[in-house]
Amino acid sequence: MTTINNIPYDALEPGMKAQYSKTIEERDLILFAEVSGDHNPLHLDPEFAAKTIFKGRIAHGMLSGSLISAAIACKLPGPGSIYLGQSLTFTHPARIGDTLTVELEVLEKLPKFTVRIATRVLNQSGTVLVEGEAQVMAPRKQQEVELSPLPPIQIG
């Protein structure tokens, strides 16, 4: 099992940063389509996607957005965080095989245990794919949490 720690509100400071990375695979697009219900052929059908302005399949924009959620939940502030809001601007698509890195930076501490966090998703070339800002209620106390392994998922 993996153990992770959070950063409680009192320990957060503007300028604190964290990163989270994941390589996008075929199975990620299939699983995200199943969970979200977004079966747009731009994400799933190579022949359809080849005829679009992208000239091939791209990942769901919200798949990139969901990686921001993972970074907040597991890195900064970490377990016990409550998402209150998120703005997102999508500037470039993610593709299968891209390694996406979420960058988080605490911008401001607000009342009621809330923090503003700058959010960005970049690919392996450093191209910014998504930019935005999150409002998060940070945990009040420090915790160490064991992450349970997920059961195996078979596709097809």
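A: Search the whole structure and one aromatic pair turns up, where a pair means Phe, Tyr or Trp rings (the six-membered ring for Trp) with centres within 6.5 Å. The partners are Y9 and F113: their ring centres sit 5.3 Å apart and their planes meet at 75°, so this is an edge-to-face pair (planes over 60 degrees apart). Bear in mind that this is a predicted model, with local features needing pLDDT of at least 70 and side-chain atom pairs 80 or more, while totals for chains, interfaces and linings use all residues. Numbering starts from 1 along each chain as its sequence is written, and side-chain values use heavy atoms, leaving out hydrogens and water.

Where do Y9 and F113 lie? Y9 is in the loop between β1 and β2, and F113 is in the loop between β4 (99–110) and β5 (114–122), so the pair ties together parts that are 104 residues apart in sequence.

K112 isn't a glycine, yet its phi is positive, near 60°. Most residues other than glycine have a negative phi, and most peptide bonds are trans. There's a cis bond to look at as well: the one from L76 to P77, with omega near 5°. P77 belongs to another loop, the one between α4 and β3 (82–90).

Now zoom out. The protein chain has four helices and seven strands, and reading along the sequence you get β-β-α-α-α-α-β-β-β-β-β. Its C-alpha trace spans about 50 × 35 × 25 Å along the principal axes.

Finally, follow α4 (residues 61–74) to its meeting with α1 (residues 26–36): their axes come within 10 Å and cross at roughly 95°. That makes α1 roughly perpendicular to α4 (65 to 115 degrees). These axes are lines fitted to C-alpha atoms over the stretch in contact, with angles from 0 to 180 degrees between N-to-C directions. On the α1 side, D28, L29 and F32 make the contact, and on the α4 side M62, L63 and S66 do (contact is heavy atoms within 4.5 Å). Sorted by class, the contact of α1 with α4 has four nonpolar residues, one polar and one charged; Asp, Glu, Lys and Arg count as charged, Ala, Val, Leu, Ile, Met, Phe, Trp, Tyr, Cys and Pro as nonpolar, and the others, Gly among them, as polar.

How values were computed: Helices (H or I, at least four residues) and strands (E, at least two) are DSSP runs, numbered from the N terminus. Angles under 35 degrees count as roughly parallel, over 145 as roughly antiparallel, 65 to 115 as roughly perpendicular and the rest as oblique. Rings of Phe, Tyr and Trp (its six-membered ring) pair if their centres lie within 6.5 Å; planes under 30 degrees apart count as stacked, over 60 as edge-to-face and the rest as tilted.
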